[in-house]
Amino acid sequence: MLITHTINTPKPVTPSGALVLLILRVLQSSSLHGYAIAQRIHILSNEVLAVEEGLLYPTLQKMLVKGWVTAEWGISETNRKVRCYCITPDGRRHLETELSDYDRVTQGIQEVLRTA
Amino acid sequence: MGEFFRRIQYLLNRRRLDRELENDMEFHREMAAREGRNNFGNTLRMREQAREAWGWTWLDRLGQDLRYTARTLARSPGFTVTAVLVLAIGIGVNVAAFSLFNMVALQPLPVRDPNSLVRLERRSPQDYTSEMPYLSAIFYRDHAKSLSAVMAVLGVPPTREDSPTAPPVAVISYALWQHRFAGDPSILGRTIRLNKKPATIIGITPYAFASLGGQRPDIWLPIAQQPYFIGGSNVLNDPSNSSVRMWGRLAPGVTKQMAAGELLTLTNELRHQHPKDIWDNEFIDIHPGGHLQVMQAEMYQVAALIAMLTLLILAVACANLGGLLLARAVTREREIGIRVAVGAGRFRIFRQLCTESLVLASLGALTGMALSYVVLRVALVRFDSPGWLSPVPDWRVILFAMGMAVIAAIFFGFAPALHIARQRQRKTIVRQILIGLQIAASCVLLIVSSLLVRATQHVLFTNPGFAYQQLVSIDPQLGRYGYTPASAQAYLSQMQDRLRALPEVKSVALVKLPPLGHSVSRMDTEIAGRPVAIYPNWVEPGFFQTMSIPILLGRTFYPGEKRVVIVSESLARKQWPGQNPIGQLLGDGPNQDTVIGVAGDARVNAMSDDDAVEQYWPAQLDDMPDMVLMLRATGEPSGLPPMAKSISERLDPRLFPEIRQMKLLYRDNVQQQVEQIAATVSMIGLIAILVAAVGILGLVSFSVSQRMKEIAIRMALGAKKFDVLTAVLRQFLWPVAIGMIAGAGVAAAASKVLRRILFGVSNLDPASYAAALVVLVAIIALAGLLPARRALRLDLAKTLHNE
């Protein structure tokens, strides 16, 4: 399970939806293999978020089928043949719309929390 | 769209992609282990979860279920073969019936654009005729723009644009060419004589020739030359003579409604030209004509009846198989218990069992289709069907068979699967209900076939209300040869005088609609709120004596009498219950007729329908061109036709009267037909009872083998043989009894629709019911006792030792 105790996920963005968002975001700059994706998210979140393989790989498979990412063979830092995932134009588009949605929702929530 | 294709790709490259996924996850673990984090998740399960994203898990599970099913079925070949055979019979009978219906009513004729072919008939709210005057047909042909072609057919479709003055020509059928002319290749151009008139053969229709309305004549002549072959005929120029059949082709883009609208205006125009000959509110009825048979409402009734009977067989087969599945479930208790124990959910087991049922049903449907194909092939050859008809299943039949398989699977598999998945297979109540169902359905089928067998016997050994054995009918078809009422009357009276002079002739009479004639008239009315079919006829005073129909009350007509009517006994009873019918008025408005006599019931025009009633009017001068002579011979009638022929020859050599012996006609038309129906239905009934018997046999022997130990202990303790038998068979007693009672009840209610074809046998005929029930009890007893006997021959020591 994705440990999300620090992010109060707004309703429209489901946990796995949030994971898709995070994966797409870390793939935006460079293509990475599965373990590196998990690592990157872990580090970037100041070691708050830990992505487990039980959720990471199903999500990656879903994204492959959706056409948001593709997989290519690459060589790992340990010199092992491994698949690297890179974002597709479709994935970029998806990321953009999701991000704006996410912004809107969090803004809305913050607004409520501030004024209510 | 793109996503769909990607999914397909994932399906096709499943193995490789799965390996790659495995590699990904392995690598993940290696890396995690390096950093000192150990993950103890179930890799297989995780991979399965990841694969679920591809959306093909259901296919994998289906594959698993199918493989498992194949193994299970292969392990018990006896059960599998029995089940498939039972289903093949149940589904095959239905597929065969549907294929027949498909060939007759659904398959388009193998001609260009069959869907635009239409049959055109005259109809009004009160009247209907399948034929129309030639002049009307020509009028419609020349004026209707919504029809791209109109064919007027006197018996058969025309061969080419024809004219009355062209040299007479004929086209002959392939069959006639083969049989009569021995396939002579130089036949074209040869002159043949028809009605003594020469005609040149100009063509032969192909072997697989598709003609309209299922008619298959041997000789085709141009309609405009009809007067040449039938001297004096006025069929082509008499606007009141309805005797041609009209077919048409809808023009491209024209719907039935549009054509109907246009034809209605044309009908109204025709009324202006011939006010007498067009009915009030007449319109042209348009039916699709591009099939072997143009279906009428009554034919759908027959089709529904047959469908009901064949579905009953399927019901027997399904109930039977359901019982077998339940019985098998007891032996599979261990297997299913183990599967539940290792974590299979009820739903998973239920689905597995349903897959098994579907596989069995599909195998059954395939075998059934093969069976139906073989049976239909044989039948088509035997009944000399048109060459283009093929019993090879088309998409409709295949779809139907698939549907049947699914329905069958639901019926025989669903309840047992539910039962087994809940692990309640030892409960007997469902099994008992299934036995009851089988018995009830077989009971209905047996009673119906027994009724039909009785009807056959009745036809063979009783009279249809008149003594037909010594009757001969002579139809001179005077109307066709242009006789006027007066000349027809003169001809008929001379003919009668000369025939009466023969010592072989006992009496002669005239009738408009003779028994087994070419046309029948029927009036459907209601008497006291119940529908009644009245068969009207126009006769001469001597008709009743010649036909041996008794006059029960009153008298017969006087010569030249008008506005009087004789009714049959049943009509009198229905119309005036408990009153004297003589002197009553019949009909409505100003056209009322006085009843002067009551005749015995005689099914002159509706031999098979016991509910039919008759009404006779005295024939008037205008009826004379349509009258038919009926002769009663003093002895054997076979010598009469040649004599009658030579008398007619001398009187008017132009005529070719149709002379028919009632005895032969009756045998060919009525007896054979009813025998065929009875034989077919009896076969269906027998199949049903055999299937049911096999089912009971299986269930009893199963329950014996289940209770071996108990029986052995009882016998060891000194139980009598009879007690042992009762113990084994008791659980079947009630379902069988209830099934039989229910079946008899359903048969009694449903057989009302059969009355019209039972030739006077009551649909509640006790003898038929008794016979059917006795046969049923005998077969069931045999099926029950045979396996039960095994219980008595047990080797006690061995059985008890084994356990």
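Modeller: Let us start with B:G413. This is a predicted model, and B:G413 has 23 other C-beta atoms within 10 Å.

Biologist: Why is B:G413 called buried?

Modeller: The cut-off is 20 or more other C-beta atoms within 10 Å. B:G413 has 23, so it counts as buried.

Biologist: What touches B:G413, if we skip residues up to four places away in sequence?

Modeller: Four residues do: B:L325, B:L353, B:C354 and B:S357. Touching here asks for C-beta atoms within 7 Å. There is also B:L326, 87 residues apart from B:G413 along the chain. The C-alpha atoms of those two are separated by 9.3 Å.

Biologist: Which helix holds B:G413?

Modeller: Helix α13 of chain B, residues 395–421. Its axis comes within 8 Å of the axis of helix α12, residues 346–382 of chain B.

Biologist: Now the strands. Which strands form the open sheet of four in chain B, and in what order?

Modeller: The order is β6-β7-β5-β8. The pairing is mixed.

Biologist: Which residues stand opposite B:I172?

Modeller: In β7(B), the residue opposite is B:I204. In β8(B), it is B:I219. Another bridge of this kind links B:V171 with B:W220 in β8(B).

Biologist: Which residues of β5(B) are on the covered face, and which on the uncovered one?

Modeller: B:A170 and B:I172 make up the covered face. B:V169 and B:V171 make up the uncovered face. In a regular strand the side chains alternate between the two faces of the sheet.

Biologist: What do β13 and β14 of chain B form together?

Modeller: They form a hairpin, with two residues between the strands. In the turn, B:A528 has a positive phi of about 50 degrees. β13(B), residues 523–527, and β14(B), residues 530–539, pair in the antiparallel sense over five bridges. B:M523 stands opposite B:I534 there.

Biologist: How does β14(B) run against β19(B), residues 613–618: parallel or antiparallel?

Modeller: Parallel, with six bridges. One pair is B:N537 opposite B:Y616.

Biologist: Let us step back. Which domains does the assignment give for chain B?

Modeller: Domain 1 is 2–55 and domain 2 is 116–294. Domain 3 takes two stretches, 298–460 and 670–802, and domain 4 is 471–665. The centres of domain 3 and domain 4 of chain B are 50 Å apart, taken over C-alpha atoms.

Biologist: How many residues does each chain bring to the contact between chain B and chain A?

Modeller: Chain B brings 22 residues and chain A brings 16. On the side of chain B, α1 (2–12), α2 (14–34) and α3 (43–52) each supply at least two. α2(B) gives the most, with eight. That side divides into nine nonpolar, six polar and seven charged residues.

Biologist: And what elements does chain A have?

Modeller: Four helices and three strands. From the N terminus on, they run α-β-α-α-β-β-α. Of its 116 residues, 29% are buried.

Biologist: Which residues of α2(A) are buried?

Modeller: In this helix, residues 34–44, they are A:G34, A:Y35, A:A36, A:I37, A:A38 and A:I41. After α2(A) comes A:N46, whose phi is positive, near 55 degrees.

Technical notes: Residues numbered from 1 in each chain as written. Chains lettered and ligands numbered in written order. Predicted model: local features only at pLDDT ≥ 70, side-chain atom pairs only at ≥ 80, totals over all residues. Pairing = 2+ DSSP bridges. Buried ≥ 20, exposed ≤ 12 C-beta atoms within 10 Å, placed from the backbone. Contact = placed C-beta atoms within 7 Å. Domains from an automatic or database assignment. Nonpolar A, V, L, I, M, F, W, Y, C, P; charged D, E, K, R; others polar. Axes fitted to C-alpha atoms, helices over the stretch in contact; angles between N-to-C directions.
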